[in-house]
Amino acid sequence: MTELPRRVSGLLASSAFRLAAISAAAFVLLASGLVAVVFWQANAVLTDQVVATLSAEADALRTEGRSGRAGLLDAVAARSRPEGPGLYVLVDSTGRKLAGNLSRVPPEVLSETTGGVFRYRPVTVNSSAPVPAERLAVAMQIVMPDGDRLVVGRDIEDQRRYADGVKRLVIAGFVALSLIGICVAAMISRLVLKRIEAINSAARQVMAGDFARRVPVDGSGDELDGLAVNLNAMLERIVELMAGMREVSDNIAHDLKTPLNRLRNRVEGALRHDDAVAHKEALERTIEEADELIRTFNALLLIARLEASTIEDSATDVDLGKLVAGVVEFYAPVAEEAGARLDFAPMSGAALLLRANGQLLQQAVANLVDNAIKYATIARPSAASSATTAASSGVIRVALAVEHGEALITVADRGPGIPAADRERALRRFVRLDASRTQPGTGLGLSLVAAVARLHGGRVVLSDTIGETEMPGLSVRLALPGTLLVRGAAASGGQPEATAVGTAALDASPTSDVRSADLIGVAGARGVGHNARA
Amino acid sequence: MRVLVIEDDKETAQFLAKSLKESGHAVDLAGDGEAGLDMGRGALHDVLIIDRMLPRLDGLSVIKTLRSEGVRTPVLVLSALGDVDDRVKGLRAGGDDYLTKPYAYSELLARIEALARRAVPEEQQTRYVVGDLVLDRLSHRVTRGGEAIVLQPREYRLLEYLMKNAGQVVTRTMLLEHVWDYHFDPQTNVIDVHVSRLRSKIDKTFEKPLLHTVRGAGYMIRDGAV
C-alpha cells in the first residue's frame, strides 16, 4: 500500500500534472462564472416576466374594482381556480376574506408595497386528500378606494423546482468536470512522464557507460521529440569527440613512442662505445630528434586544442589577400630553391576581410604551401619527359577567390597527388598518410589545415589538379565562409565600400583548374553544423 | 649581465644557472613567486626569467606587481602554454618576450641577450654600421664599402633586425617573429633560405663575411669571426 501514496506524491510533484491541473481548474472556474451569470440573468428575466404579468393583472382588476365591490368579487371568483397558477384574495378593511383561492393575506406581501415572496398551502377541493405541501409564490397587493385590499399572486413553485434542478445539475456537472480534469491531468502527466522517464533512463545508461545507447525518438516532431533528437545529436558528438580522443592517444602513442624509442636506442648504442666523437654525434642527433618530437607534439596538441575551441575568443579582422600574399612571399625563395615556382595573382581593387584567427590561418596556408613545395618537385616515375611538362611540373598555383560568400584559398601543385580513396583519411584528425616519414615535417599538415578550417566553420576539399602533366597533382581548397568583400580598399585606399559577398562578388574568379566533379575528399563539413558561426 | 631566474622546478633552475654561468652571466635563483618578487624589486638584474606557473604567486602576477611598482627590468616569460592567446596574455602582463617550453638553451640565451640590450636606452639610431656595411634607416639604403646593395623590402627588414642585434646571436624563431610576425613553426628551413639570399647580396662579392651562422643557435652579424 506504500506504492499508491508514493505514486500520488510523484504525480503531484510532476510539472506536467500541475500544469494540466491548473489549466483544468482555471477552466472550471471560468465555466462556473459563466454559468452563474447565465443563471442569474435567466432568473432576472423570469422574475421580470412574473412581475409584469402580476402588474398587468393587478391593473385589470383595479379597473374592475372601480365600478364597485360586486364587480371585483365576480372577477376574483372567476379567476380563482383552485389548482391554477393565479392566486387571489380579496379582503375588506378589517381583514375579512371576501373572495379568492388564498386563505389569507400573506404577511410578507403586507409589508412590501411592490410585492413579495411567500409560502402558502393551496386550497384543495377534495378535503380527503392529504394536506398539500407548501408552495412558493410571489404576490402584490392593491388597496381599493373603499379600503378593500386585493392580493394578486402567482405560484412560482415549479420555476423554483426547475431552478433547483438546474442548480443541482450544474453542481454535479462541475464536480464531474473537475474529476475529469484531474484524471486528464494525471493522464497527460503520465504520458509526458513516461517519455521523460525514457529520456532519463537513456541518460542514466549513457552515464553508466553505455555510449551506444540513444534516447527513443517517436517521430512525432513535438517538443519532447525535438529534445530527444537534440540529445541524440549531442551524444553523437560526444561519442565522436571521445573517438577522436582515443584516436589522439593512439596516434600520440605511435607518433611519439616510435621516435622516442629510436632516440633511446641511439643513446644506448652510443654508450656502448667509449668514443668521444661518437658520443658527441649521438648527442647532437638526440637533440635533433628531441626537437622533431617537440614539433610533432606541438602539432598534435594544437590540433587537439583547435578541436575543442571556438573561434570567437581569438578572432580579429583578417585581410586574406595580405595574408596569402605574405605566406607566398615567405615561401617563394624556398620554392625556387626546390625548383618550383609559386604562382599567385593577388585580387586587385578589393580586399577580403574575414573574422578569423590570423595566426592560425597563416599557419594553415603556410602548411599548404609547404606541402605543395615538398610534393611538387618529387620526380615522376617516368623521369624523362618533354621539356614543357618538366617546366610546368614545378608550378604551384596559389589562388584566392570568393564564391557565395566563401573565401576560397586554393593551393594546387603538380606532384604525385593523393589517391581519391585516401583523401578523406588525409584530412582526418591526427592522421599521417606519410607514416614512414620520407619527407621532413610532422606529416600532420593537412590534419592541421582541416582543424583550422573546422574552427572557422569552413572546410577543406582535396582534388586532382588538372594539367597536362602525367601526375595528377594535388589541389587543396580551403573554403572559409562569412567573408566580406571590400571594394577599392586595397587599390585606392579611399572610402571602402563594403558589400556582402554573396550578392556582389562579380570579380570573384573561380579557380578554373579544379574540376568540381573531382571534389571527393570533403572534410570538415560537419564542423559547419557544430560551429556557432554557421 | 646579472640574471634572476624565477623557476620552481629545481632541475630546470639548476640547468639554467649552470648554463648561464658558463655563458658568462651572474645568476640568482628564486624558487617561488613571492621570493622572486622580493628579489626582483631590487632592480639589481639586467634580465628576469620568470616561469608562468609558480607556487605562491604566479608568474604573470609577479610581472604585473613589478611593473606597477615601476621596475622596468626586461622579462622573459617561460611557459608550457604555447597558445597565441597565452603569449598575448604574457606580453600584456608586462613581459617583454615569451618562450614556450620545451625550448633550446641557445634560443633562451639569444633572447635574454637581445632583451638586455634592448633595455639599454639607445638614442633613435638612424644608421646601423657593421664593418663597412651601412644601413640607413631614413633612406632605406644599404651600402657596403660605399657600394649600393639593392634589397627586397623583406630582405631589408631582415638585415635591419640582424644589424640592430649586431654582435649577438639571433635565432631563427626570433627572425620569424620579428621580421615576419609569424608565430608558428614553418617546418622547412625557410628562414635559412631567406638568410642565405641576404648573405649572397651582402657578403658574396666581398672578401670578409659579416653574416655568420652560429651552429645550433642561429645567425649573427658582426665584423670579425664568431
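## Sheets, a helix and the A–B contact

Colleague: Which strand is β7 of chain B joined to, and by how many bridges?

Modeller: In this predicted model, strand β7 (residues 133-136) of chain B is joined by four bridges to strand β8 (residues 141-144) of chain B. The two run antiparallel.

Colleague: Which residue stands opposite B:D136?

Modeller: B:R141, in β8(B).

Colleague: What order do the strands of that sheet take?

Modeller: The order is β6-β7-β8-β9 in chain B. It is an open sheet of four strands, with antiparallel pairing.

Colleague: Which strands stand at the edges?

Modeller: β6 (127-130) and β9 (147-149) of chain B. Each has a single partner strand, so one side of each is left without a neighbour in the sheet. On average, neighbouring strands are turned by 25° against each other, direction ignored.

Colleague: Which helix packs on the sheet?

Modeller: Helix α6 (residues 153-164) of chain B. It touches β6, β7 and β8 of chain B. The direction of α6 makes about 70° with that of β6(B).

Colleague: Switching to α8 of chain B. How far apart are its end C-alpha atoms?

Modeller: They are 19 Å apart. Helix α8 (residues 190-202) of chain B has 13 residues, which should span 18 Å at 1.5 Å a residue, so the two values agree.

Colleague: And which residues in α8(B) are buried?

Modeller: B:V190, B:I191, B:H194, B:V195, B:L198 and B:I202 are buried. They cover an arc of only 130° around the axis, which means they lie on the same side of α8(B).

Colleague: Now chain A. What does β3 pair with?

Modeller: Strand β3 (residues 116-120) of chain A runs antiparallel to strand β4 (residues 135-143) of chain A, with five bridges joining them. A:F118 stands opposite A:A137 in β4(A).

Colleague: How many bridges are there between β4(A) and β5?

Modeller: Seven, again in the antiparallel sense, with β5 of chain A covering residues 149-155. A:A139 has A:G153 in β5(A) as its bridge partner.

Colleague: Which residue takes a positive phi in that hairpin?

Modeller: A:G147, near 95°. The hairpin of β4(A) and β5(A) has five residues between the strands.

Colleague: Last topic. How many residues of each chain are in contact?

Modeller: 19 residues of chain A contact 18 residues of chain B. On the chain A side, α7 (276-307), α8 (320-337) and α9 (358-376) each supply at least two residues.

Colleague: Which element gives the most?

Modeller: α8(A), with six residues.

Colleague: What is the make-up of that side by class?

Modeller: The side of chain A that touches chain B has seven nonpolar, six polar and six charged residues.

Note on methods: Residues are numbered from 1 along each chain as its sequence is written. Chains are lettered from A and ligands numbered from 1 in the order in which they are written. This is a predicted model: local features need pLDDT of at least 70, side-chain atom pairs count only at pLDDT 80 or more; totals for chains, interfaces and linings use all residues. Two residues are in contact if their C-beta atoms, placed from the backbone, lie within 7 Å. Ala, Val, Leu, Ile, Met, Phe, Trp, Tyr, Cys and Pro count as nonpolar, Asp, Glu, Lys and Arg as charged, and the others, Gly among them, as polar. Two strands pair if DSSP finds at least two bridges between them. Axes are lines fitted to C-alpha atoms, for helices over the stretch in contact, and angles run from 0 to 180 degrees between N-to-C directions. The expected span of a helix is 1.5 Å times one less than its number of residues. A residue is buried if 20 or more other C-beta atoms lie within 10 Å of its own, exposed if 12 or fewer, and partly exposed in between; C-beta atoms are placed from the backbone. The arc is that of the directions from the helix axis to the C-beta atoms.
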